[in-house]
Amino acid sequence: MMPIDQVRLNFNPASLTALNIILGFVMFGVALDMKLADFRNAWRSPKPILIGLFAQFVLLPAATFGLVWLIRPAPSIALGMFLVASCPGGNISNFLTHLARGNTALSVSMTAVSTFVATFMTPLNFSLWAGLYAPTQALLRDFTLDRWEMLLAVFLLLGLPMSIGLFVSQRFPAFSHRLKTPMRYLSIAIFGLFVIGALAANFRYFLDYVGYVVFFVMLQNGAALFSGYAAALLSRLPEGDRRAVAIEVGIQNSGLGLILIFNFFDGLGGMAIIAAWWGIWHILSGLSVAFWWRRRAPGPRAQSGAT
């Protein structure tokens, strides 16, 4: 079996395109159960958004550095962990927060803001933490993100489907009420099929090498979820906001990580497998946490956007 740094994943741009389309479809379904007042309420009180950004771009990268220092993975695996920790929250977090009966409007706001902030915080965090860890310094390369390209992606993946869904919800409330429940279950089924498809496309590589990264990804993802919830809890945010922050920090945009890896690191094996397995594992862990929370009401201070 070849060394992990010589492995090149079957990176099919069409698969990321398919996921983007699926995310747009899911966000349309989520928006059917929301109102414009949900967003106004979220932006009137910016504290939860700031707490989420702090957990996303300060606590998670720092916690990842601590994990890497303790467990000492292969340099390319460590580099992949630093990159994933530096990425913004993934759009799937909005759907999972909705499923978890959290503050969905807060989740959407955090995703949009963190994605914009990531245009400078992702390269800054990645360079900082990877540069502080001696084994990854030799692999480190500088990279930049196109701010306008990322903003366009946010609009197409998040803003456009949410706007259409909100329009339907406002103009056709009876229709959106009938549609929202089937859309929720259809979204879960689509995500399940995507996980199966992602495994099948790289089954040989996952079978041979996933054992190298499973433990690291589970630890890092657990640290991400814990960091987000702990930061919100210590800041005395209501339970609906805590769930939104925890899921936002625990669901990373590993698709962005893969694109950066293939653009700037030539698909480096350890990095690519970390990011690819993150893309699968955070859906599985996120769904598990969301279903667990869904059976437990957020309490009397539940936020709008919960169901």
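Reply: A crossing is left-handed if the near helix is turned anticlockwise from the far one by less than a right angle, and right-handed if clockwise. Helices here are DSSP runs of H or I with at least four residues, numbered from the N terminus. The crossing of α4 and α13 is right-handed. This is a predicted model, where local features need pLDDT of at least 70, side-chain atom pairs count only at pLDDT 80 or more, and totals for chains, interfaces and linings use all residues. Residues are numbered from 1 along each chain as its sequence is written, and side-chain values use heavy atoms, with hydrogens and water left out.

Me: At what angle do α4 and α13 pack?

Reply: Two packed helices are described by the angle between their axes and the distance between the axes. Axes are lines fitted to C-alpha atoms, for helices over the stretch in contact, and angles run from 0 to 180 degrees between N-to-C directions. For α4 and α13 (residues 269-294), the angle is about 45 degrees and the axes are 7 Å apart. Angles under 35 degrees count as roughly parallel, over 145 as roughly antiparallel, 65 to 115 as roughly perpendicular and the rest as oblique; α4 and α13 are therefore oblique to each other.

Me: Which residues in α4 and α13 meet?

Reply: Contact means heavy atoms within 4.5 Å. S76, I77, L79, G80, M81, L83 and V84 of α4 meet G270, M271, I274, A275 and W278 of α13.

Me: Where is G90 placed?

Reply: G90 sits in the loop between α4 (75-86) and α5 (92-99). Not counting residues up to four places away in sequence, G90 touches T111, I251, Q252 and N253.

Technical notes. Helix = DSSP H or I, 4+ residues; strand = E, 2+ residues; numbered from the N terminus.
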